Amino acid sequence: MRIKNIKLDDYKRFTSLEISDIPQTTKLVVLVGPNGCGKSSVFDAFILKARTEYVNEQLTGNYEQYYEKRQQAEHTHDIANRISIDFHGNPPPSLKSAFQIRSAYRNEADFRVTRISTQHDRQEVPRLTRIIDIDAAVSQNYEYLTWKGLQDLYSTAKPETTFDEYRLEALGDMQDAMRDLFPNPELVLQDFGSMQSGTFRFRKGTVKDFHYKNLSSGEKAAFDILLDVFVKRHITPDAIFCIDEPELHVSTALQGKLLTAVLSLLPETAQLWIATHSLGVVKEATRIYEETPNEVVFLDFFNCGDLDDDVFLKNSKPSRSLWRNVFEVALNDLGSLTAPQQIVLCEGDPNHVDKGFDASCYNRLFASDFDDTLFISRGGEKQVIRQPELKMILKKIVTDVKIYLITTNHKQVLCYNGTDATT
């Protein structure tokens, strides 16, 4: 299933929002923008549209003033009529199972399941009422997998199937995804534990039977997302999977890998939507875009403008402008902490294996006393002196930095700062 167009009228902060012309080949949609720009509102619209297919709730209490820009409706059904979602091809027969959505508030530190009931129908409908709701799903997914395991072993599995064979067949893809995400030490879902424990067990490095509650918060967060995709792909393989801020609680180094792991578990017929501020996630999405540009769409909420006016969004490329905005949101002015305050262009072959012997020596010699200075080799004496264009470019790219040129000519050192030379 693939979304083509979305239209929201007088919904939450938007007077009118149109997202149009998403290609049918799109497997990943990335919503980027600052806080409060309306990214999560799109997911909220998906939830409301799906829920009103089987329940119509009065706008009182928790619902009052939540969905509407201007109060004019009495029931959620009235608001859902102002939400339009067009799909490529035939629309899904039912919207209640068309969306699988995770909120940004995912946390289930510990759980223990003591009883199992029929799960299939419960898993089809949206778990959330609103995108701001707490989204505790690990225990529900544990209960579903345990129930499904009993069903499979007693109903569909071959008589000669052993428990070890079933575990490998049932959990193999999930285990592979976790190995790729957590290779050192390797963290892998081992099994469902005993019926007395009622929780997941893991292998972590050389340790077996590692209890779910002992995972770190980042490990829990990543496992939670992967597990939910792993479970729902069997129940609703054609769904639109949406994750609000998948990077929460996950270290920067793992955020991009988590996106790749999620995509590896998704069925070919599904589509993934994510709303993110993460540099790691956007970087990985950019890498995927460069390999398969017809499968990735960026929706740039940085350019929404005034939300009281009509807003039109189409497929954006991961351009320098978009990246500049992502950096500004993610890092604000922290770039100055890593950028050097002084750049010195010196002699040496920049194509050499050590990127220039002279610069390598200078950087090592002066690292402790001048840790805010970076030396860069730019060729011989004449090449270094003839660098005005490079200086101009560097000044535009790196703000608030001093740039010098230095050459050695027998006994003198010439330092160029600006247009004047000093000896």
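Me: How do helix H7 and helix H8 pack, and what is the angle between them?

Reply: One reads the distance between the axes together with the angle. In this predicted model, helix H7 (residues 252-265) and helix H8 (residues 279-291) have axes 7 Å apart and pack at an angle of about 50°. Angles under 35 degrees count as roughly parallel and 65 to 115 as roughly perpendicular, with oblique for the rest apart from the roughly antiparallel range over 145. H7 and H8 are therefore oblique to each other. Their crossing is right-handed.

Me: Which residues in H7 and H8 meet?

Reply: On the H7 side they are Gln255, Gly256, Leu259, Thr260 and Leu263, and on the H8 side Gly280, Val281, Glu284, Ala285, Arg287 and Ile288. By class, the residues of this contact of H7 with H8 divide into five nonpolar, four polar and two charged.

Me: At what angle do the axes of H6 and H7 cross?

Reply: The axes of H6 and H7 cross at roughly 15° and come within 9 Å. That angle makes H6 roughly parallel to H7, because angles under 35 degrees count as such. The crossing of H6 and H7 is right-handed.

Me: Which residues in H6 meet H7, and what are their partners?

Reply: Ala222, Ile225, Leu226, Val229, Phe230 and Arg233 in H6 meet Leu258, Ala261, Val262 and Leu265 in H7. The residues of the contact of H6 with H7 comprise nine nonpolar, no polar and one charged.

Me: How far apart are the axes of helix H4 and helix H6, and at what angle do these helices pack?

Reply: Helix H4 (residues 138-156) and helix H6 (residues 217-235) have axes 10 Å apart and pack at an angle of about 40°. H4 is therefore oblique to H6. The crossing in which H4 passes H6 is left-handed. In this contact, Val138, Asn141, Tyr144 and Leu145 in H4 meet Phe223, Asp224, Leu227, Asp228, Phe230, Val231 and Ile235 in H6. Eight nonpolar, one polar and two charged residues make up the contact of H4 with H6.

Me: With which side chains does the side chain of Thr373 make polar contacts?

Reply: The side chain of Thr373 makes a polar contact of 2.8 Å with the side chain of Gln342. Another, of 3.5 Å, is made with the side chain of Asp372. Apart from neighbours within four places in sequence, Thr373 is in contact with Gln342, Val344 and Asn363.

Me: Is the peptide bond from Asn184 to Pro185 cis or trans?

Reply: The bond from Asn184 to Pro185 is cis, with omega near -5°. Pro185 is placed in the loop between helix H5 (163-181) and strand S6 (187-191).

Me: How are residues read that are apart along the chain, such as Lys27 and Val297?

Reply: Lys27 and Val297 are 270 residues apart along the chain, and their C-alpha atoms are separated by 8.3 Å. Lys27 has its place in the loop between S2 and S3. Leaving aside neighbours within four places in sequence, Lys27 is in contact with Arg2, Glu268, Gln271, Leu272 and Glu295. The side chains of Lys27 and Glu268 are joined by a polar contact of 3.4 Å.

Me: How many helices and strands does the chain have?

Reply: The chain has 13 helices and 17 strands. Of its 423 residues, 49% count as buried. Among contacts in the chain with a separation of 6 or more, 69% are between residues 24 or more positions apart.

Conventions. Residues are numbered from 1 along each chain as its sequence is written. This is a predicted model: local features need pLDDT of at least 70, side-chain atom pairs count only at pLDDT 80 or more; totals for chains, interfaces and linings use all residues. Side-chain values use heavy atoms; hydrogens and water are left out. Axes are lines fitted to C-alpha atoms, for helices over the stretch in contact, and angles run from 0 to 180 degrees between N-to-C directions. Helices (H or I, at least four residues) and strands (E, at least two) are DSSP runs, numbered from the N terminus. A crossing is left-handed if the near helix is turned anticlockwise from the far one by less than a right angle, and right-handed if clockwise. Contact means heavy atoms within 4.5 Å. Ala, Val, Leu, Ile, Met, Phe, Trp, Tyr, Cys and Pro count as nonpolar, Asp, Glu, Lys and Arg as charged, and the others, Gly among them, as polar. A polar contact is a pair of N or O atoms within 3.5 Å; within protein, one must be able to donate a hydrogen and the other to accept it, and residues adjacent in sequence count only if both atoms are side-chain atoms. Buried means under 20% relative accessible area, exposed over 50%, partly exposed in between (1.4 Å probe, protein chains only).
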